[in-house]
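Please read this briefing with the sequence and the model side by side.

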Amino acid sequence: MNSDVQIAGDWLDIPHLLPPVPAHPSTVSGFARLARTIAADRASWSPLVDYDATSRWYHRLRTGPGYEVWLLSWVPGQGSGAHDHGRSSGVFTVLRGRLTERTAYGQRTLGPGAQHVIAPGYAHDVVNDSLEPAVSLHVYFPGLTDMPFHPGRSGRSAASDAVLAATAHAPEQRSTATAALGGGN
Ligand SMILES: [Fe+2]
């Protein structure tokens, strides 16, 4: 007589017995996994990367219910200025090169594969202070609608504030900011 386990076999070999995989992430770990999955799929993002010496380049890679994914490039010397992300949380992943993150608590250098979660209101200043271009991936949930800059900490113009949030709601899928407006991360 077969037991239930024998009848069912190995669950991992029987996809129809597994719970359905959600089409979209809805948890922090799910968004972090999405970022890692995209990062590992270089063919999905590498051909899209552009480097703009006049401004950080960014491209909205995809959107889903309650989230969006941005691809950013940074040539040496480019930085975000100190900012937070309004009510959005995020997952920040370095895909190529190295980026330095400065916060009120110090600074750290993030290399390929480095990933961390950003809580609402978390303030940082990110800069490529290396000699090589860098690429990063940013998942925001909910989508970024506000990105207040902290000019007292970075000295940058608050004009940058509106750019990424405004671009996030523009119909174009590929966007390049002007040098005057900068951009966010
Ligand atoms: Fe940021």
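How many bridges join β1 to β2, and do these strands run parallel or antiparallel? Seven bridges join the two strands, and they run antiparallel; strands count as paired here if DSSP finds at least two bridges between them. This is a predicted model, in which local features need pLDDT of at least 70 and side-chain atom pairs count only at pLDDT 80 or more, while totals for chains, interfaces and linings use all residues. Residues are numbered from 1 along each chain as its sequence is written.

**Overall layout**

- The protein has five helices and nine strands, where helices (H or I, at least four residues) and strands (E, at least two) are DSSP runs numbered from the N terminus.
- Along the sequence these elements follow the pattern α-α-α-β-β-β-β-β-β-β-β-α-α-β.
- Of the 185 residues, 32% count as buried; a residue is buried if 20 or more other C-beta atoms lie within 10 Å of its own, exposed if 12 or fewer, and partly exposed in between, with C-beta atoms placed from the backbone.
- Among contacts between residues at least 6 apart in sequence, 68% join residues at least 24 apart, a contact being a pair of residues whose C-beta atoms, placed from the backbone, lie within 7 Å.

- β1 and β2 form a hairpin with two residues between them, and Gly66 in the turn has a positive phi of about 85 degrees.
- Within this pairing, His59 has Leu71 in β2 as its bridge partner.
- Leu71 is also among the residues with the most contacts inside the largest nonpolar core, which has 27 residues, and the others named are Phe31, Ala35, Leu72, Leu137 and Val139; such a core is a set of buried Ala, Val, Leu, Ile, Met, Phe, Trp, Tyr and Cys residues joined through C-beta atoms within 7 Å.
- At least two residues of this core come from each of α2 (28–40), β1 (57–64), β2 (67–74), β3 (89–96), β7 (125–127) and β8 (134–141).
- Leu137 touches Ala35, Ile38, Ala39, Val69, Leu71, Thr93 and Leu95, when residues up to four places away in sequence are not counted.

**β3 and its partners**

- β3 is mostly covered, with seven of its eight residues buried.
- Seven bridges join β3 to β8 in an antiparallel pairing, and in this pairing Val91 has Val139 of β8 as its bridge partner.
- β3 is also joined to β6 by four bridges, again antiparallel, and here Gly90 stands opposite Ile118 in β6.

**The β5-β4-β7 sheet**

- Three strands form an open sheet in the order β5-β4-β7, with antiparallel pairing.
- β5 (106–110) and β7 stand at the edges with a single partner strand each, so one side of each is left without a neighbour in the sheet.
- Neighbouring strands of this sheet are turned by 20 degrees against each other on average, direction ignored, the axes being lines fitted to C-alpha atoms.
- Strand β4 (residues 99–103) is joined to β5 by five bridges, and Thr103 stands opposite Gly106 in β5.

**The annotated histidines and their surroundings**

- UniProt, in an unreviewed entry, places the feature "binding site" at His83, His85 and His124; such annotations may be inferred rather than shown by experiment.
- These positions span 42 residues in sequence, yet no two of their C-alpha atoms are more than 9.5 Å apart, so they gather at one spot.
- His83 is found in the loop between β2 and β3, and it is buried, with 27 other C-beta atoms within 10 Å.
- His124 is found in the loop between β6 (115–118) and β7 and counts as buried, with 23 C-beta neighbours inside 10 Å.
- Leaving aside neighbours within four places in sequence, His124 is in contact with Ala82, Glu101, Arg102 and Thr103.
- Arg102 lies in strand β4 and counts as partly exposed, with 19 C-beta neighbours inside 10 Å.
- The C-alpha atoms of Arg102 and Ala82 are separated by 8.2 Å, although these residues are 20 apart along the chain.

**Confidence**

- The mean pLDDT (the predictor's confidence in each residue, from 0 to 100) is 82, and 75% of the residues reach 70 or more.
- Over residues 155–184 pLDDT stays under 50, and for this stretch the model has 61 contacts beyond four places in sequence.
- Where pLDDT is low, the predicted coordinates should not be read in detail.

How values were computed: Two residues are in contact if their C-beta atoms, placed from the backbone, lie within 7 Å. Axes are lines fitted to C-alpha atoms, for helices over the stretch in contact, and angles run from 0 to 180 degrees between N-to-C directions.
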